[in-house]
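This briefing concerns a single protein chain and is arranged by topic. Please consult the sequence and the structure shown below while reading.

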Amino acid sequence: MQEVTLYLKHIHFSYHQNNVLKDINLEVKKGESLGIVGPNGGGKSTLLKLITGGLNPNEGEISFGTDKSLGYVPQNITLNYTMPISVVELIQMNQTKNNKTLFNLDQLLNLVGLENKRDQLIRTLSGGERQRALIARAMISSPRLLVLDEPTTGLDSTGQDQLYSLLNRLKAEHNTSIVVVDHNLSQIIKHCDKILCLNRTSHWHDQKELLTKDVLSSIYHCEFEHIMIHEGGLADESHDQCEHGPGGHHEHQHGSKHEFLRPKK
């Protein structure tokens, strides 16, 4: 039986008497990836803070199996990119004498594809390279669970594919469990084993193959339903138009702002 890396049972969280999360249940097994999707304000980042220990639940249980090692790549990291910090120095910022690690620095740099950038200043890297450096920083202690909040923000489609290829490699070669929040629905559906649809409560949590447009439309506005049906691969020939605001019908412009959501063949 596959080992469970992360388990949440009946998690509730309120902030100033405002219910943010209600009755969240999920599990992630060793070497498995969970993608978390949902609208803004639905509690996704709050859930990650609960998992990583930044917040404590009002009710419920969070457990981590036999190995509680965890790496975290936050949505916004406070880092002054004008300072002369190299790739290696950034990674070593997260290393202590007590860290256990499967990697030496050269192995880790090779894993994230930055072996030729080790002494290069962070400020000179591309957005995708910075994200990979931050993942290396989180991986220096060889965590069994890697948690990422919006890792594809600011990346083009090539950078997004490269990032998820790296996460897939961590799963396949090192049995790392992945929990990732991302607004990029097509990448989540393409790469994650399981998906949690979250809007303050869990609307759905299961294998991605079972996800339908009805589940997504229950938590998203029509625009996102349109994206998933026409560009995300959930086909529904009966869905021809979506009504959007004062303009009436939303034209099907697949070369428009939704282009980044279409999964690559």
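Asp193 has a relative accessible area of 25% and is therefore partly exposed. The model that contains this residue is predicted.

**Overall composition**

- The protein chain comprises eight helices and nine strands.
- Of its 265 residues, 45% count as buried.
- Among contacts between residues at least 6 apart in sequence, 66% join residues at least 24 apart.

**Salt bridges**

- Lys190, at 34% relative accessibility, counts as partly exposed.
- Arg118 and Asp106 form a salt bridge through their side chains, at 2.5 Å from N to O.
- Here too the pair links distant parts of the chain: Asp106 is in helix H3 (105-111), and Arg118 is in the loop between helix H3 and helix H4 (127-139), 12 residues apart.
- With a relative accessibility of 28%, Arg118 counts as partly exposed.

**Packing of H4 and H5**

- How are two packed helices described?
- For H4 and H5, the angle is about 20° and the axes are 10 Å apart.
- H4 is therefore roughly parallel to H5, given that angles under 35 degrees fall in that class.
- The crossing of H4 past H5 is right-handed.
- On the H4 side, the contact involves Gln131, Arg132, Ile135 and Met139, which meet Gln162, Leu163, Leu166, Leu167 and Leu170 of H5.
- Six nonpolar, two polar and one charged residue make up the contact of H4 with H5.

**Helix H1 and the residue that follows**

- Which residues of helix H1 (residues 44-52) are buried? They are Lys44, Thr46, Leu47, Leu48, Leu50 and Ile51.
- Gly53 follows H1 and has a positive phi, near 90°.

**Loop residues and their contacts**

- Gly65 is located in the loop between strand E4 (59-63) and strand E5 (70-73).
- Its relative accessibility is 53%, so Gly65 counts as exposed.
- Gly65 and Leu6 are 59 residues apart along the chain, yet their C-alpha atoms are separated by 6.5 Å.
- When residues up to four places away in sequence are not counted, Gly65 touches Val4 and Thr5.
- Ser86 is placed in the loop between E5 and helix H2 (87-92), and it counts as buried at 8% relative accessibility.
- Leaving aside residues up to four places away in sequence, Ser86 touches Arg118, Asp119, Gln120, Leu121 and Ile122; Arg118 is also the salt-bridge partner of Asp106.

- Most residues other than glycine have a negative phi.
- Ser142 has a positive phi, near 55°, and is a residue other than glycine.
- Ser142 occupies the loop between H4 and strand E6 (145-149) and counts as buried, with a relative accessibility of 6%.
- Glu150 is not a glycine either, but its phi is positive, at about 55°.
- Glu150 lies in the loop between E6 and H5.
- Buried or exposed: how does Glu150 count? At 6% relative accessibility, Glu150 counts as buried.

How values were computed
Residues numbered from 1 in each chain as written. Predicted model: local features only at pLDDT ≥ 70, side-chain atom pairs only at ≥ 80, totals over all residues. Heavy atoms only, no water. Salt bridge = Lys/Arg side-chain N within 4 Å of Asp/Glu carboxyl O. Helix = DSSP H or I, 4+ residues; strand = E, 2+ residues; numbered from the N terminus. Buried < 20%, exposed > 50% of the residue type's maximum accessible area, 1.4 Å probe, protein only. Axes fitted to C-alpha atoms, helices over the stretch in contact; angles between N-to-C directions. Parallel < 35°, antiparallel > 145°, perpendicular 65-115°, else oblique. Left-handed = near helix turned anticlockwise from the far one by under 90°. Contact = heavy atoms within 4.5 Å. Nonpolar A, V, L, I, M, F, W, Y, C, P; charged D, E, K, R; others polar.
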